[in-house]
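Here is a short report on one protein chain. Please keep the sequence and the structure in view while reading.

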Amino acid sequence: MRESPQSSILSGALKGCLGSLDGACIEKLLLHCASALESNDVTLAQQVMWVLNNVASPVGDPNQRLTSWFLKALISRVSRVCPTPMNLNGNSSPQRRLMTVTELAGYVDLIPWHRFGFCASNSAIFKAIQGYNKVHILDLSITHCMQWPTLIDTLAKRPEGPPSVRISVPSWRPPVPPLLNVSSEEVGQRLGNFAKFKDVPFEFNVIGEQPTVPSSPCISTLECSSLQYDFLLNQVLNPSTLKLEDDEALVINCQNWLRYLPDEQNNGASQEISCRDIFLNRIKDLNPCIITVVDEDSELDVSNLTSRITTCFNYLWIPFDALETFLSKDNSQRIEYEADIGHKIENIIAFEGTQRIERLESGTKFSQRMRNNGFFSVPFCEETISEVKFLLDEHASGWGMKKEDDMLVLTWKGHNSVYATAWVPCGFDD
C-alpha cells in the first residue's frame, strides 16, 4: 500500500526527529499533529502523539517538560473528537490547589513575571496621583492584591503625608491560577491592617454581587461568558456602584485581565463594536487619571490552531527555561508553577469558541487598540526604569528590560515576555 503524500512527508519528519530533543524538531512534530487535527485525520494525529510521548517528560529538561503539557493539551483536544482512551505519559495532570497568602507571595516572587508589572505600574501610579489627597484604585487583576503593599509603603513615606487610599475589586475574577484559600474580604482586611501599621487611611470594597451561573446543562458557555461580561459592565464599571468622588484620583489597574474579556462583535450596539472595545470605552467614561495595563506579550487570539501552537510553544518556553536556572527538577514550587502554565496551554490548544478564554494579544496590538479607542500613552520616566532594573537585579541574569515605543517590556534572553503600559483618556479632565 502506498503512503499518502501527507503520511510520506510526516514519515520523513519523524525519522529526523526520533531521539532528538531539539526544540525546533519538537515544534515540527506539534505542527504536524495540529495539521492532522485541522484536517480531521485523528489516526495521523495519534501517531504523532505517540512520537511526542517518547520525547516528553514531566521531569526532563525545559523542552521535554513543556512538550509534556502540549501532549496533555493535544490528548484533551483529540478526546473531544475521538473518546478512545490513549495511555500516554501526558494523560494525567495535577489538580489546582488553593494557596495560602504566604504561598502566593512566594509564587509571585519565583520569577519577575508578576513583580515586573507591579513595579512598573506602581511607579507610574505614584507619579500620576501626586498632589491628590484621596486615591481610589479599581483593581482588575488575577493576583489577589499582591501588588498593593509596596505602593502603600511608598505612599506612607510621601513628604506631604499619605493620601487616603480606597481599593475596589470585583466580586468575580477570571477562574484562572493563582487561586487563593481566603476570600477577597479577608485579603482586604489584611491590607487594611498593613495600611494601619503604616498610618495610611485605607478602605477596601468588593464590588457587586458575583454573577450566579445556573447549573443547568442547558446553559451554554456563551451564556455564562455573557453573564460575567454584563456584570463587569453594569456593576463594576458603574460610577454609582464605585461611589466615585469628585476630589479623588481614580486609578484603573489591569494586570493580566483584559485577555479574558470576549472580543466578539456586539451586534446589539448601534454600530458593530467588539465587547473588549466597549469595555475600554466604559473605562474611558469613568475619566481615570491613569490606566495601567500589564499582560503577557504574545499573540494567541487567532483561530488557526497551527499558528496558536507555534506562538504558544515559542513563548511559554520562557518560564520553563527560567525556572530551570535555579530550581531542581523535583522542586514543588516549580512543579506547581509549571502546572498552572500547563492548564493555560490546555485552554489555548484544546478548546475553541467561548470555552477558549486565554485570548492574549501582543503589547503592540493592544497599544493600537487603546489608541483607536481614544487613549494617550503615558511614557515611563527614568525613575520607573531604574526601579524595574533594580528589581531585575535580584533575579537570574537572563532577565532584562527594553523600551518599545512607550511600553516597558520584560525579556528573557532577549525574548519578549511581559509588557507594561500606562494610559490616560484623550482630554482627561484633571
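Asp 199 sits in the loop between α8 and β3 (202-207). The model is predicted. The phi of Asp 199 is near 60 degrees, a positive value in a residue other than glycine. Asp 199 has a relative accessible area of 61%. That is over 50%, so Asp 199 is exposed.

Most residues other than glycine have a negative phi, and most peptide bonds are trans. Lys 413 is not a glycine, yet its phi is positive, about 55 degrees. Lys 413 belongs to the loop between β10 (407-412) and β11 (415-425). Where is the cis peptide bond with omega near 0 degrees? This bond runs from Pro 177 to Pro 178. Pro 178 is found in the loop between β2 (164-170) and α8 (184-197).

## The chain as a whole

The protein chain has 430 residues, and 53% of them count as buried. Its secondary structure consists of 15 helices and 11 strands. Take the contacts in the chain with a separation of 6 or more: residues 24 or more positions apart account for 76% of these. The chain exposes about 19,000 Å². Carbon and sulfur atoms supply 51% of that area.

## Helix α2 against helix α12

Helix α2 covers residues 23-38, and helix α12 covers residues 305-324. Their axes come within 9 Å and cross at roughly 155 degrees. An angle over 145 degrees counts as roughly antiparallel, so α2 and α12 are roughly antiparallel to each other. The crossing is right-handed.

Which residues meet here? From α2 come Gly 23, Ile 26, Glu 27, Leu 30, Leu 31, Ala 34, Ser 35, Leu 37 and Glu 38. From α12 come Leu 305, Thr 306, Ile 309, Thr 310, Phe 313 and Asn 314. The residues of this contact divide into eight nonpolar, five polar and two charged.

## Helix α6 against helix α15

Helix α6 (residues 115-128) packs on helix α15 (residues 382-392). The angle is about 155 degrees, and the axes are 9 Å apart. That angle makes α6 roughly antiparallel to α15. This crossing is right-handed.

On the α6 side, the contact is made by Arg 115, Phe 116, Cys 119, Ala 120, Ser 123 and Ala 124. On the α15 side, Thr 384, Glu 387, Val 388 and Leu 391 take part. Six residues of the contact are nonpolar, two are polar and two are charged.

## Helix α11 and its end

Helix α11 spans residues 275-285. Which of its residues are buried? They are Cys 275, Arg 276, Asp 277, Ile 278, Phe 279, Leu 280 and Ile 283. The list includes Arg 276 and Asp 277, and both of these count as charged. Just after α11, Asn 287 takes a positive phi of about 55 degrees.

## Phe 376 in strand β8

Phe 376 is placed in strand β8 (residues 375-377). Is Phe 376 buried or exposed? Its relative accessible area is 52%. The cut-off for exposed is over 50%, so Phe 376 counts as exposed.

Leaving aside neighbours within four places in sequence, Phe 376 is in contact with Ala 422, Trp 423, Val 424 and Cys 426. Phe 376 and Cys 426 are 50 residues apart along the chain. Their C-alpha atoms are separated by 5.9 Å.

Definitions and conventions: Residues numbered from 1 in each chain as written. Predicted model: local features only at pLDDT ≥ 70, side-chain atom pairs only at ≥ 80, totals over all residues. Heavy atoms only, no water. Helix = DSSP H or I, 4+ residues; strand = E, 2+ residues; numbered from the N terminus. Buried < 20%, exposed > 50% of the residue type's maximum accessible area, 1.4 Å probe, protein only. Contact = heavy atoms within 4.5 Å. Areas by Shrake-Rupley, 256 points an atom, 1.4 Å probe, with all protein chains shown as cover. Axes fitted to C-alpha atoms, helices over the stretch in contact; angles between N-to-C directions. Parallel < 35°, antiparallel > 145°, perpendicular 65-115°, else oblique. Left-handed = near helix turned anticlockwise from the far one by under 90°.
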